[in-house]
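This briefing concerns the structure shown below.

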Amino acid sequence: MLKFRNLGLIATPQNLDLRDGRAGFMQSPQTLQFDGFIRIYFSTRFLDSSSKPISQVEYLDFSNDWHCLDSFSKPLSIGKSVLGAYDEHGIFPFVPFRISEKVILGYISGWSRRVSVDVETAIGICITHNNGETFTRIGNGPILAAGIGEPFLVGDPFVIANGDQMIMYYIFGTSWISDPQNPTAPLDRVYRIGLATSTDAINWDRRNGNQIISFEDELECQALPSVTRFQDSWLMAFCYRNAHDFRHNKEKGYRLGFARSLDGFNWSRLSEKDCTMELGDWNSEMQCYPNLYASGDQIYLISNGNQFGKHGFGLHVLEGEIKNGI
Amino acid sequence: MKGYIWNKIGKIIPVESVARPYWSQEYFQAPNTILLKDRLRVFFCSREFASEGQYISRIGFCDFSRDGNFTFLGYSPNPLIELGKPGAFDEFGTYPLSVFADGDLSFGVYGGWTRTLSVPFDVSLGLVVSRDSGVSFQKVLEEPILTKSLDEPFIISSPKLRKFNGVWYLYYIAGEKWKIDNSRMEPVYKIRLATSTDLIHWQRHGEDLIESKLFEEAQASPDVFEFEGAYHMYFCYRETSNTKGIGRGYRIGYAKSDNLYDWIREDSSAGIELGPEAWDSLDISYPHFFTLNQKSFLLYLGNEVGKYFIGFAQLEKL
């Protein structure tokens, strides 16, 4: 049995310079380890000229015991997206991946707006030449977009090394559907977790719509897979919700799910009994956008809570052991 | 095609004398042919009248006798390719289509249109197959076979599907940039190539095939064929600024190759120019080459990218 103990919020909108046009939100924290500190990239919201939110990436540095080292977050420069590109209406999430001591890549979950449905997403890539302080896009287009069995909404990349290859966990859309309770509302999306492999970080072999995390409810949407290796096991955290009425109905909103694997490819979803989370005030109503971080013999979980991360992100630490056969 | 000239014959579809089907109220675009035992089939794209100022392009065909008289035999009663579901790449139109008859099957690659908020549209390529020579098509996949990628960020369109020596060649265009010209959004796109052995997985060549001759030139309809021992490409190209101005619209260009990858542009050998008819005096575009009874023909669109007529011309050796 696994238990994540709540250690509380570690960053709040007090860490955002709200005088500078930010509309709050610190979403989808993504950790990157440096020598002596931990950097966390996240998406915050600005409003564009039509008052629609645009997610942009900022970062904060933390000590190894999770004290924030910055008063205000710094905007991450990734250059400007070109007109009509896959990421012109925001980046959410931004996911760093360290290939070596010197080489760090960034995976971009890019958003662009559509007419008949809200949005389309695709995954792009960028690289840093100054230890993660600024990134440059490799190409104006995405490395992963709609493909066989994955018709739209390819996003939420998370990359981990597996010997000579890399595995990317990501999500893809399966359908846009209307809510029977609210048939005139904009269509709702359904999305699931898949994976791809690569040896060069740019070209990915996909599995044509194969969904790697089991579910019981056809309306379940799964997002933000994050994976860490621990002893002989692989542990995944993700979030899931109902396709409809998820914003205001707590029963249908985001919660965290967990899965375990021995090889990174075949996953067993853990029941809520097998993996529990202690909740605090900050995530009592909703738990979402998880990121796993392993340090020494500890596994930490950084995630958002109520209202999709409007109030910052918090920390849990894993207690108990991952044993074969749980 | 040095030493050749195209003699214009006129409009191939007798638009004035035959009633049009409901799906083809405006435009005749992107003609592509297959030759059947008893007829010549010309696939083309057309539109119902605009709804709220926006069109949805559909694909159908019309048939002609293959005796050399080009007697008009009729239109397809309905469009041939279903539009995609909400959110799909081909929800808002299908344009253009290229068909390749391969034994009993006819494969089609088509441009699927979606509508985006910051720019007017985006296009990706889908794959369909027909078992009845194009009377009906089924989608092989609901998803695109070719869509935006690292260095081709949008507008993957204008397909021409070919098979040479057992390998599938897909000539197409890829968007390079969207520019804003007098508050009008104009895409710049270039001719590219991908190859495949199964029609589903494509290897992109990754380079512009045709050297641009205009500033920020847009290129389309890369119609590639083998003729008299060489590879030829007819295509069209235009300006991307002041696009409504006289002389700014599409013209027809030409290139040749001995390996299907490396092309030498030689527009002066195209052998086809604007006019003299009023309906093809402003722009000509979307060339398509075919042979019938040992004679060679070129279909092309007249003014306003085929808003009114498809023209055809016959090849003459000087």
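In chain A, β10(A) and β11(A) make a hairpin with two residues between them, and Gly163(A) in the turn has a positive phi of about 65°. Strands here are DSSP runs of E with at least two residues, helices are runs of H or I with at least four residues, and both are numbered from the N terminus. The model is predicted: local features need pLDDT of at least 70 and side-chain atom pairs count only at pLDDT 80 or more, while totals for chains, interfaces and linings use all residues. Residues are numbered from 1 along each chain as its sequence is written, and chains are lettered from A and ligands numbered from 1 in the order in which they are written.

- The pairing of β10(A) with β11(A) is antiparallel and runs over seven bridges; two strands count as paired if DSSP finds at least two bridges between them.
- Within this pair, Gly155(A) lies opposite Ile171(A) of β11(A).
- Strand β10 (residues 152-162) of chain A is largely enclosed by the rest of the structure, because eight of its 11 residues are buried. A residue is buried if 20 or more other C-beta atoms, placed from the backbone, lie within 10 Å of its own, exposed if 12 or fewer do, and partly exposed in between.

**An open sheet in chain A**
- Four strands in the order β2-β3-β4-β5 (chain A) form an open sheet with antiparallel pairing.
- Its edge strands, each pairing on one side only, are β2 (27-34) and β5 (74-75) of chain A.
- Six bridges join β2(A) to strand β3 (residues 37-47) of chain A in the antiparallel sense, and Gln33(A) stands opposite Ile38(A) in β3(A).

**Nonpolar core**
- The largest nonpolar core contains 158 residues, and those with the most contacts inside it include Val154(A), Tyr170(A) and Leu298(B). Such a core is a set of buried Ala, Val, Leu, Ile, Met, Phe, Trp, Tyr and Cys residues joined through C-beta atoms within 7 Å.
- Strand β15 (residues 233-242) of chain A gives the largest share of this core, seven residues.

**Contact between the chains**
- Chain A contributes 31 residues to the contact and chain B contributes 27 residues; residues are in contact if their C-beta atoms, placed from the backbone, lie within 7 Å.
- On the side of chain A that touches chain B, β7 (104-113) and β11 (165-177) of chain A each supply at least two residues.

**Chain B**
- Chain B has one helix and 20 strands.
- Its C-alpha trace spans about 50 × 40 × 40 Å along the principal axes.
- Of the 318 residues of chain B, 45% count as buried.

How values were computed
Contact = placed C-beta atoms within 7 Å.
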